[in-house]
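Please look over the model below before reading my points.

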Amino acid sequence: MEKEMAVVRINNFEAHNEEIMDQQIEDLAGKIQDLYPDAEMMLNIKTSATSIMNIVIYPDEKTANKGLETRNRRSNNSNIKDQWHMEGELKTLYLKKRLY
């Protein structure tokens with residue numbers, strides 16, 4: 001039996017201004033487990049005053065697709081100026097246990 005591949009989704013969002021981005025980040029931080037219960041890992045990286053890159057690992061494609069509805073609902077609103085997404089198969093993950 002072939003093991004299913006882990007899926008990594010990379011999302012980039014740009015808000016209209018810094019205040020909106022900070023509010024989006026704060027809102028997500030308090031709800032990650034509720035919004036994305038099947039995500040095995042999520043990183044949110046503020047890449048500029050108005051943008052964030054989000055990297056999410058799911059155990060397989062079926063589970064990853066469950067998160068699409070939530071991502072699309074949260075990102076398709078007037079607060080988001082621009083966005084792009086990509087995904088791929090996880091090949092290597094090194095994690096030194098240190099929580100930030």
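This is a predicted model: local features need pLDDT of at least 70, side-chain atom pairs count only at pLDDT 80 or more; totals for chains, interfaces and linings use all residues.

1. Residues are numbered from 1 along each chain as its sequence is written, and side-chain values use heavy atoms, without hydrogens and water.

2. Two cavities of 30 Å³ or more turn up in a search of the whole structure. A cavity is a set of points on a 1 Å grid over the protein atoms alone where a 1.4 Å probe fits but cannot get out, and its lining residues have an atom within 4 Å of a point. A volume is the space filled by probe spheres set on the points, which are joined across faces, edges and corners.

3. The largest cavity holds about 220 Å³ of space. It has 14 lining residues, and Phe 13, Gln 24, Leu 28, Ile 52 and Arg 74 lie nearest its centre. Strand S1 (7-15), helix H1 (18-29), strand S3 (51-58) and helix H3 (61-75) each give two or more residues to this lining. Helices (H or I, at least four residues) and strands (E, at least two) are DSSP runs, numbered from the N terminus. H1 gives the most, four residues.

4. The second largest cavity has a volume of about 60 Å³. Its lining includes Arg 9, Asn 54 and Arg 71. H3 supplies the largest share of that lining, with four residues.

5. Asn 54 belongs to strand S3. Asn 54 counts as buried because its relative accessibility is 7%; buried means under 20% relative accessible area, exposed over 50% and partly exposed in between (1.4 Å probe, protein chains only).

6. How many salt bridges does a search of the whole structure find? There are nine, a salt bridge being a side-chain nitrogen of Lys or Arg within 4 Å of a carboxyl oxygen of Asp or Glu. One of them joins the side chains of Arg 9 and Glu 87 (2.6 Å, N to O). Arg 9 is in strand S1 and Glu 87 in strand S4 (residues 80-89), so this pair ties together parts 78 residues apart in sequence. Arg 9 counts as buried, at 4% relative accessibility, whereas Glu 87 counts as partly exposed, at 43%. Arg 9, Glu 61 and Glu 87 are linked in a network of salt bridges.

7. Lys 81 also forms a salt bridge, with Glu 14, and their closest N and O atoms are 3.9 Å apart. Lys 81 is in strand S4 and Glu 14 in strand S1, 67 residues apart.

Note on methods. On a 1 Å grid over the protein atoms alone, a cavity is a set of points where a 1.4 Å probe fits but cannot get out, and a pocket is an open set with protein on both sides within 12 Å along at least five of seven lines; lining residues have an atom within 4 Å of a point.
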